[in-house]
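Me: I have just opened a structure that is new to me. Could you help me learn how to read it?

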Amino acid sequence: MSIKDSELILNPDGSVYHLNLRPEHISDTIIFVGDQDRVEKITKHFESIEFTTQKREFKTQTGYYKDRRITVISTGIGPDNIDIVLNELDALVNIDLETRKPKQNLTSLNIIRIGTSGALQADIPVDSFLISTHALDVNGMLHFYQIDGINNPEIEDKFIEHTHWDKNKARPIIIINSTYLQKYFESNTVLKGMTGTAGGFYGPQGRVLRLPLQDANLNSKLDNFSYKDFRITNFEMETSVIYGLSKLLGHEALSLNAIIANRANGTFSQHPKQTVEQLIMYALERIVNI
Ligand code: R1P
């Protein structure tokens, strides 16, 4: 059965609907950033750029860094955009866009997120780098897929019990990332931890401007949750769904976080752009070794 036009929408030039990409436009090594302006902060280091396109917040460039063909794509903010980006990238490599049928031989992409994040633990300094070894999904998008096999009910139940999680909110999902990519990015100076992924920036991450929160103590409960050697280290808005959808679709993914805020002690980096630039160079130098 071929996938109907309404389910896999292609533009008149044959590109996928939101990303404006055809299969030949992407590498199998893909860097995700949130901010569309961060794409060129990465590709300015490339020897050459062979392709550029942008539709809405999804800007893509493909080129070469030290003989390695790399695609950089901006996802915008949040889990909903990751649903679009990962499904459309997967369609580019794993669905025959002519016959509209899934391919027999599947391609596994290497996906590296270079993002910013706020630490939840007082001892994680601003301007540090952190690899997400685990992800805590508190936004609910993944529940629309069959997630048996990527979730960890035993740890999730402990978390629900610890936080008295409100049953009107989506059940939290904890994903253990087991990608082979991690070993390429580890070092003595890079921290590791469980990254919480929220579906919003303010209330869902415990920020109060004018609206009261359903649970004003949630961040401190996240802060002091521990199970075996798990500790929730930081908050952002994409990692759990990148990890979840990548596992379901058969791709390898790793999330690298530049910690630019510390929520526990209320501090923000004095030079966030420099910190992100340093993480970009750190990532590029390691990507060439994969
Ligand atoms: C919020 O300001 C955005 O910044 C963080 C969050 O995950 C969210 O996307 O990541 P990026 O800097 O990668 O966008």
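Predicted model: local features only at pLDDT ≥ 70, side-chain atom pairs only at ≥ 80, totals over all residues.

Me: How do I read a strand, and which strands pair with β4?
Reply: Strands (E, at least two residues) and helices (H or I, at least four) are DSSP runs, numbered from the N terminus. Two strands pair if DSSP finds at least two bridges between them. Here, β1 (residues 29–33) pairs with β4 in the parallel sense over 4 bridges, and F32 has I73 as its bridge partner in β4. Strand β3 (residues 58–65) runs antiparallel to β4, with 6 bridges joining them; T62 stands opposite T71 of β4. The hairpin of β3 and β4 has 2 residues between the strands, and K66 takes a positive phi near 50 degrees there.

Me: Is β4 mostly buried or exposed?
Reply: First the terms: buried is under 20% relative accessible area, exposed is over 50%, and partly exposed is in between (1.4 Å probe, protein chains only). In β4 (residues 68–74), 6 of the 7 residues are buried, so the strand is largely enclosed by the rest of the structure.

Me: What surrounds the ligand?
Reply: A residue is counted here if one of its heavy atoms lies within 4 Å of the molecule. Those around the ligand include G34, R38, I77, F201 and E236. For polar contacts, look for a pair of N or O atoms within 3.5 Å; within protein, one must be able to donate a hydrogen and the other to accept it, and residues adjacent in sequence count only if both atoms are side-chain atoms. A polar side-chain atom of R113 is 3.2 Å from a ligand oxygen. For T116, a polar side-chain atom lies 2.5 Å from an oxygen atom of the ligand, and an N or O atom in the side chain of E238 is 2.5 Å from a ligand oxygen.

Me: How many salt bridges are there in the whole structure?
Reply: A salt bridge is a side-chain nitrogen of Lys or Arg within 4 Å of a carboxyl oxygen of Asp or Glu. The search finds 14 of them. One joins E238 and R113 (3.5 Å, N to O). E238 lies in the loop between β12 (230–236) and α6 (239–249) and R113 in strand β7 (residues 110–119), so the pair ties together parts that are 125 residues apart in sequence. Both E238 and R113 are buried.

Me: Where can I find one with an exposed partner?
Reply: Look at R231 and D123, whose side chains meet at 3.2 Å, N to O. D123 counts as exposed because its relative accessibility is 52%, whereas R231, at 33%, counts as partly exposed.

Key
Residues numbered from 1 in each chain as written. Heavy atoms only, no water.
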